[in-house]
Amino acid sequence: MEHNQTESQIEDRFIRHLKGLGYVHRTDIKDRASLEENFRNKFEALNGVRLTDGEFERLMGNIVSSDVYKASKTLRDKVKVTHEDGTTRHYPLLNLQNWCKNEYEVINQLRINTHSSHHRYDVIILINGLPLVQVELKTHGVSPRVAIKQIVDYKNDRGNGYEHTLLAFMQLFIVSNEADTFYFANNPKEALTFDEREQFLPVCRWANEQNKKVTNLHEFAREVLYKCALGELVSRYMVLVETERKLIIMRPYQIYAVKKMVECIEHNAGNGYIWHTTGSGKTLTSFKAATLLKDNPHIAKCFFVVDRKDLDKQTREEFNKFQKGCVEENTNTGELVRRMLSDEYKDKIIVTTIQKLGLALNEKERHFDRGLRNLAAQRVVFIFDECHRSQFGEYHRAIKSFFPQAQLFGFTGTPIFAENATRTKIEGREASALTTEDIFHKPLHTYAITHAIEDKSVLPFDVSFYRLQRDGSFSMGEVPKKVIVKKILE
């Protein structure tokens, strides 16, 4: 790589790379008017409709906002158009069933003129005419943090170009000096504060499945920005947090875990476990996996199982934070049984304790319903949170016995291997020295404590307290008196 490259040269090289990935470079889109005209053409082509100027003006009035969260919801929905004859129809902005089939374009040096803003943006990726990804570039040797600060400053400017223009639909920011690349989700300006001294910024680097960082801009483009991958990232792996009206972009290891689970279920390929360390956002990962399964017509139910009542409440509240009302409370075993028998869409995901589920499946208990035998014959999925020894006992065996067709997945920060399995009293019986693999068969993805330390998502500690595992990560040996773990952003 040549040194002392100008931003313009880096920009040209990056655009050539995107063109090689199938993007169309639209050199004619340089201002707000041409951006809106291009969007109009794409909207009309997608929906097979011709809009009058008045209809397009009303469409823009319905979709353009200063609220990033509102625009993001609109992006994933259908929008209302009032036609000249008084009829109203609803149209999608994108091909929501297959994001790969949308039109992917790249523009550069766009200048959005508002009454008080003349900002210019390096590179913007358009999907079906909507500006969804912004890439800000810096010369070699200049920290990408400078570009982050620039974006934040732009958003904080009064009358900035992100408000009341199509830039309100921006989902993702990428910053790079070509050698080092970061990305982060767009959000209301109140949630995008920037402090150069802050260690834990809401930004991240891409990584491959083995957690090796992908820092070079062009490697990042090959991994993340080819058209189907980018469409999938924005459509499936961004989470809109309803209670906080903000956007979260899932981290690479979370995405790989969800993909592995979904792939395992689609191919009916048995059980598996996810080894993700404490504080790595396992609840968000399991929520996304559960919501994707909710739309799978071949799955009758998805159970998210915890081993304590307080975790039941905490998990339910976390799920409902991401999507209000998506999980209802099972106030007692009878209510749990009712929801297990329900065919309603809202009852497809159930959060419960393993104890309550065990009672529901016990034919000697008064809440047992013979109708559950019909559910037992269908495909169901169980996701176990913190799958430690407490779930290796009688309740776990009862679930496996009752649901012979079920697929079981476990999340753990501390898997049990043969070398650290012990025989302990469980539910009044002598338990066998079971390992995590005995129950869940195979690891689907690993993000261990060593990876988290490298990402600076946990604070360093004295590793002399830990035993080196067979794969180079650590398991607890003698537990230190105090280990400080800082939870990352979901």
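This is a short tour of the structure above, stop by stop, with something to select each time.

**Before you start**

You're looking at a predicted model, where local features need pLDDT of at least 70, side-chain atom pairs count only at pLDDT 80 or more, and totals for chains, interfaces and linings use all residues. Residues are numbered from 1 along each chain as its sequence is written, and side-chain values use heavy atoms, with hydrogens and water left out.

**Stop 1: the whole chain**

Show the protein chain as a cartoon: it has 16 helices and 22 strands. Helices (H or I, at least four residues) and strands (E, at least two) are DSSP runs, numbered from the N terminus. Of the 490 residues, 54% count as buried. Buried means under 20% relative accessible area, exposed means over 50%, and partly exposed is in between (1.4 Å probe, protein chains only). Among contacts with a separation of 6 or more, residues 24 or more positions apart account for 69%; a contact means heavy atoms within 4.5 Å.

**Stop 2: a six-stranded sheet**

Now colour strands S13, S14, S15, S16, S17 and S20. In which order do the six strands form the open sheet? The order is S15-S14-S16-S17-S13-S20, with parallel pairing. (Two strands pair if DSSP finds at least two bridges between them.) Strand S15 (349-353) and strand S20 (443-447) are at the edges with a single partner strand each, so one side of each has no neighbour in the sheet. On average, neighbouring strands here are turned by 15° against each other, direction ignored.

Zoom in on S14 and strand S16 (residues 380-384), which pair in the parallel sense over five bridges. Select valine 305 and you'll find its bridge partner in S16, phenylalanine 384.

**Stop 3**

Tyrosine 273 counts as buried, at 2% relative accessibility. Setting aside neighbours within four places in sequence, tyrosine 273 is in contact with several residues, including Gly410, Phe417, Phe440 and His445. Try the distance tool too: the C-alpha atoms of tyrosine 273 and histidine 441 are separated by 7.6 Å, though the two are 168 residues apart along the chain.

Next, select asparagine 271, in the loop between helix H8 (252-266) and strand S13 (272-276). Is asparagine 271 buried or exposed? At 7% relative accessibility, it counts as buried. A polar atom of the side chain of asparagine 271 lies 2.9 Å from the backbone nitrogen of leucine 408. Not counting residues up to four places away in sequence, asparagine 271 touches Cys264, Phe409 and His441, among others.

**Stop 4: aromatic rings**

Show the side chains of Phe303, Phe368, Phe382, Phe384, Phe402, Phe403 and Phe440, which form one aromatic cluster. Rings of Phe, Tyr and Trp (its six-membered ring) pair if their centres lie within 6.5 Å; planes under 30 degrees apart count as stacked, over 60 as edge-to-face and the rest as tilted. By this rule there are 19 aromatic pairs.

For one of them, select tyrosine 183 and phenylalanine 220: the ring centres are 6.0 Å apart and the planes are at 45°, so the pair is tilted. Tyrosine 183 is in strand S8 (residues 181-185) and phenylalanine 220 in helix H6 (residues 217-224), so the pair ties together parts 37 residues apart in sequence. Both tyrosine 183 and phenylalanine 220 are buried.

Now go to phenylalanine 303 and phenylalanine 403, whose ring centres are 6.2 Å apart with planes at 50°, so this pair is tilted. Phenylalanine 303 is in strand S14 (residues 301-306) and phenylalanine 403 is in the loop between helix H14 (394-402) and strand S17 (407-412), 100 residues apart.

**Stop 5**

Select strand S2 (residues 78-82) and strand S3 (residues 88-92), which pair in the antiparallel sense over five bridges. S2 and S3 form a hairpin with five residues between them, and glycine 86 in the turn has a positive phi of about 90°.

Jump to asparagine 211, in the loop between strand S9 (206-207) and strand S10 (213-214). Its phi is near 70°, a positive value in a residue other than glycine. Finish at arginine 245, which has a positive phi of about 50° although it is not a glycine. Arginine 245 counts as partly exposed, at 39% relative accessibility.

Technical notes:
A polar contact is a pair of N or O atoms within 3.5 Å; within protein, one must be able to donate a hydrogen and the other to accept it, and residues adjacent in sequence count only if both atoms are side-chain atoms. Axes are lines fitted to C-alpha atoms, for helices over the stretch in contact, and angles run from 0 to 180 degrees between N-to-C directions.
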